[in-house]
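Please look through the sequence and the structure shown here before reading on.

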Amino acid sequence: PIIRREEYRAPDWLVPEVELDFALDPAATRIKARFHVTRNGAHHRPLRLDGDGLTALSVTIDGAADDDAWRMAGDDLLIDLSGESHLIETEVEISPQANTQLMGLYASTGMLCTQCEPEGFRRITFFPDRPDILSRYTVRLEADKARFPVLLSNGDLVGSGDLDGGRHFARWVDPFPKPTYLFALVAADLKANVDQFATMSGRNVKLAIWVAEADLPKTGHAMAALKASMAWDEKVYGREYDLGEFNIVAVADFNFGAMENKSLNIFNSRYVLADPETATDADFDAVAGVVAHEYFHNWSGNRVTCRDWFQLSLKEGFTVFRDQAFSADQGSPAVKRIEDVRGLRAAQFPEDAGPLAHPIRPESYIEISNFYTATVYNKGAEIIRMLHTMLGPQRFRAGTDLYFTRHDGTAATCEDFVLAMEEASGVDLSRFRLWYSQAGTPRVKATLTHEAASGRAHLTLEQSVPATPGQPDKQPMPIPLRLDLFGEKTQRSFGGERLVMLDDDRLDVTFEGIGERPVLSINRGFSAPVIIETDRSAADLAFLSAHDDDPFARYEAMQQLMLDTLVGSVANGKADHGPVIEAVQRTLTDPMLDSAFIGEAVLLPSEGFIGDQMLVVDPQAIHQAREALRRDLGTTLSDAWRDAYDRSRANRFEQTPQAKGARRLRNVSLGFMMAGKATDVPGIAKDQFDAADNMTDRQGALGILSNVYAPERDAAFSDFYARYRDNGLVLDKWFTTQALSVRPDTIDQVIDLADHPDFTLNNPNRLRSLVGALSANQLVFHDPSGRGYRFLADMVLAVDKLNPQTAAKLVPPLGRWRRFGETAQTAMRAELERIVSTPGLSKDVFEQVSKSLV
Ligand code: ARG
Ligand code: ZN
């Protein structure tokens with residue numbers, strides 16, 4: 001069945017309070033639920049309690065067991081009720097250890113934990129499982145004390161004690177009404193890193209990060225990030241934490257990054273655990289970003305939640321925007337922006353251009369889990385960022401204040417958010433709402449002309465929004481563009497940056513007092529999530545890459561220059577590498593630039609992103625063109641790379657932004673040195689690998705070695721395996737690094753690795769470390785033999801039997817078939833058809849595959 005946004009109806013019955021009683025056991029957990037339902041409005045509809053794979057052991061209504069009073073309708077339990085308020089009591093039994101979906105209550109490395117968003121609660125007990133029903137929870141947990149000494153749920157611990165038979169219990173009360181998806185429990189043998197935080201009003205909050213005892217030394221970074229996030233949300237948004245304790249629990253088997261359950265965040269362990277020996281600098285940043293993201297949800301998500309799942313971006317887009325701003329404040333804003341835009345282009349632009357394109361507020365779905373996408377999250381964040389840009393920080397803050405105050409304790413909509421912004425700022429956002437309803441990445445064509453005689457420059461901006469599934473015709477979007485003009489000779493800006501709103505098909509802007517030929521800098525800071533087309537020459541782009549005063553714009557000019565060169569080279573079989581080489585050299589040796597920025601700016605666009613620019617993607621040709629440019633850069637600038645490599649060598653490990661930037665530049669330089677093919681480079685890489693006192697250096701060297709045929713490569717991989725075979729998160733890197741290699745035998749290696757004893761379909765991290773990495777490797781995934789496609793389809797089918805949500809997430813790379821040549825198209829489609837004709841498919845995979853075939 002298709003669920004449609006326009007069909008939203010307020011709930012028939014409300015549940016102000018609920019009591020849950022868990023007799024926990026991995027094989028058989030008994031759950032008693034007790035709650036009053038109250039009729040909402042005048043209607044005669046029965047009470048529908050959602051269930052998923054549950055069998056009722058008992059149902060009583062107002063204290064009486066009357067089996068004629070209820071019935072099953074599919075998985076759901078239906079009860080006819082005559083009065084305005086009734087007491088419902090049910091009991092069910094489930095097996096957490098048999099739960100391979102990792103939704104609901106499940107077992108992971110000996111512990112029991114939950115994941116309820118979006119619709120996992122119905123796998124725990126019969127209940128109206130929708131986000132607009134907010135209830136106060138009282139939860140009693142009971143379990144074997146030796147196996148599960150720690151019993152956690154949401155809110156405050158109000159009682160605990162020992163029971164007969166080696167069992168014990170804990171009782172938790174959460175004073176804040178919440179929807180089912182924010183419910184959580186954990187029963188485990190874990191230890192906590194405990195700390196505290198004094199809120200701005202002086203309340204003391206106990207903070208605890210729960211992990212296996214051996215992992216305690218790896219929790220310091222997450223704890224520091226948590227405290228920084230709490231302080232940041234007070235300072236930037238005026239939002240204070242609202243309970244006496246805040247718990248984070250690390251879990252090895254987890255479908256996504258983490259979950260913001262009220263006061264009991266449950267995390268994929270890869271976003272909690274970090275130390276220099278096992279985590280890269282990127283891992284450290286991801287830990288801090290996800291800790292902040294989940295913490296920020298306490299206001300943007302929990303205190304104000306979503307009315308229905310079509311509103312998902314209300315909490316996710318806003319919260320991603322908040323965590324991005326937090327991370328920018330903690331480190332380098334320019335580098336953070338570059339990383340975020342690179343991520344958006346890698347994940348969201350292809351989504352917007354493919355068969356699964358949807359607006360940030362979708363209109364319909366078969367399975368809502370398929371809509372936890374880069375569009376809802378990351379494009380959603382860009383929409384909030386545009387509001388911030390258009391309104392300015394003060395009016396934006398007035399808008400969020402109004403939004404939080406007005407909707408506190410309720411389930412809201414995207415429209416509520418925009419209305420609050422509009423009212424608090426006085427800015428008319430009627431057209432801006434198109435960003436919520438129209439899918440597709442707008443294209444903006446910018447043409448600049450100059451009349452030397454009159455000192456005028458004319459800028460013409462024209463936009464078009466491509467058709468997407470179900471949306472053939474688009475209206476022009478309001479697009480805020482930060483732009484500037486620089487004098488070619490003086491290298492100075494004429495009058496500084498301005499914000500131009502393109503809110504129609506076309507806009508003409510005239511600039512006065514332009515006494516020399518101007519160069520256009522546009523979409524500075526990536527002020528709008530659009531594709532800019534200009535006729536700027538290689539010389540203009542090189543100029544901007546050297547002289548623009550916006551670091552993002554400098555990066556962007558360099559990227560565009562590289563992209564133009566590479567696209568030209570794929571089309572013509574050759575290209576002039578000169579301008580790129582010069583620009584890279586200038587950047588690499590510019591004493592005013594910091595290493596972190598240089599490390600980003602000199603990187604060539606990914607093969608995938610180059611492919612996104614072409615009508616028909618030819619992965620082999622793209623790889624060859626890119627490698628030719630890399631080789632040319634490597635040999636021509638050989639001394640500069642070696643110099644950069646040597647000057648960024650550290651004496652000892654430090655976690656400062658400078659030291660991180662140096663490590664970044666060092667690995668990037670080593671990569672170009674390897675591309676230059678000098679015979680001593682594998683040895684240098686192996687030395688770096690051996691001498692490394694941190695994972696950034698070690699994995700960096702391993703990744704660079706992974707692409708070559710050299711004895712050092714094989715030695716490094718076996719050494720890495722021997723060192724880290726007992727650390728699951730690091731072993732994931734061992735799989736990933738092999739799957740990302742561009743060596744011609746990679747496809748064989750990946751297929752072999754799927755039979756490796758350490759590979760498993762049951763752990764989503766491990767699965768993605770191999771399968772996700774393969775699909776990210778454009779060259780190898782599109783191996784002309786078609787084995788990449790077949791392998792992925794085999795994996796989708798195998799995983800679907802265990803974990804449909806995770807299986808469905810693997811499908812999109814196959815769905816991009818239209819973009820490739822005929823042979824590839826046929827092979828990719830054949831795999832999609834093989835999947836869709838398999839009996840017993842989950843609706844998760846069915847939705848992704850069937851939509852991809854249209
Ligand atoms: N709300 C969680 C977060 O953004 C993610 C939950 C993901 N759930 C899903 N079905 N994909 O932090
Ligand atoms: Zn989130």
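In sorting residues by class, Ala, Val, Leu, Ile, Met, Phe, Trp, Tyr, Cys and Pro count as nonpolar, Asp, Glu, Lys and Arg count as charged, and the others, Gly among them, count as polar. By this sorting, the shell around ligand 1 has six nonpolar, four polar and five charged residues. The model described here is a predicted one, and the average pLDDT of the chain is 98, with 100% of the residues scoring at least 70. For the complex, the predictor gives an ipTM of 0.97 and a pTM of 0.99.

**The site of ligand 1**

Ligand 1 is surrounded by 15 residues, and the closest of them are Glu117, Glu260, Glu294, Glu316 and Tyr377. Three elements, namely β20 (258-259), α2 (281-296) and α3 (312-330), each supply at least two residues of this shell.

| Side chain | Atom of ligand 1 | Distance |
|---|---|---|
| Glu117 | nitrogen | 2.5 Å |
| Glu260 | nitrogen | 2.7 Å |
| His293 | oxygen | 3.4 Å |

How much of the accessible area of ligand 1 does the protein cover? On its own, ligand 1 has 350 Å² of accessible area, and the protein covers 96% of that area.

Glu117 also takes part in a feature of the backbone, for a cis peptide bond joins Glu117 and Pro118, with omega at about -5 degrees. In general, most peptide bonds are trans. Pro118 itself is found in the loop between β11 (111-115) and β12 (135-144).

Are His293 and Glu316 buried or exposed? A residue is called buried when its relative accessible area is under 20%. His293 has a relative accessible area of 7%, and therefore counts as buried, while Glu316 is at 1% and so counts as buried too. These two residues also belong to the account of ligand 1, as Glu316 is among the closest residues of its shell and the side chain of His293 has an N or O atom 3.4 Å from an oxygen atom of the ligand.

**Side-chain contacts of Glu240**

Glu240 is found in the loop between α1 (220-237) and β19 (245-251), and because its relative accessibility is 16%, Glu240 counts as buried. The side chain of Glu240 makes a polar contact with the side chain of Thr199 at 2.4 Å, and the side chain of Glu240 makes another with the side chain of Ser201 at 2.5 Å.

Most residues other than glycine have a negative phi. Against this background, Asn523 has a positive phi of about 55 degrees although it is not a glycine, and Phe526, also a residue other than glycine, has a positive phi near 55 degrees. Asn523 is found in the loop between β30 (518-522) and β31 (531-534), and Phe526 has its place in the loop between β30 and β31 as well. Asn523 is at 3% relative accessibility, so it counts as buried, and Phe526 is buried with a relative accessible area of 0%.

**Two glycines and distances across the chain**

Gly578 lies in helix α10, which spans residues 578-588, and with a relative accessibility of 28% Gly578 counts as partly exposed. From C-alpha to C-alpha, Gly578 and Asp632 are 9.4 Å apart in space, although 54 residues apart in sequence. Gly301, by contrast, is buried, with a relative accessible area of 0%, and is found in the loop between α2 and β22 (304-306). The C-alpha atoms of Gly301 and Ala691 are separated by 45 Å, and the two residues are 390 residues apart along the chain.

Notes: Residues are numbered from 1 along each chain as its sequence is written. Chains are lettered from A and ligands numbered from 1 in the order in which they are written. This is a predicted model: local features need pLDDT of at least 70, side-chain atom pairs count only at pLDDT 80 or more; totals for chains, interfaces and linings use all residues. Side-chain values use heavy atoms; hydrogens and water are left out. A residue is near a molecule or strand if one of its heavy atoms lies within 4 Å of it. A polar contact is a pair of N or O atoms within 3.5 Å; within protein, one must be able to donate a hydrogen and the other to accept it, and residues adjacent in sequence count only if both atoms are side-chain atoms. Accessible areas come from the Shrake-Rupley method with a 1.4 Å probe; for residues, only the protein chains shown count as cover. Helices (H or I, at least four residues) and strands (E, at least two) are DSSP runs, numbered from the N terminus. Buried means under 20% relative accessible area, exposed over 50%, partly exposed in between (1.4 Å probe, protein chains only). pLDDT is the predictor's confidence in each residue, from 0 to 100.
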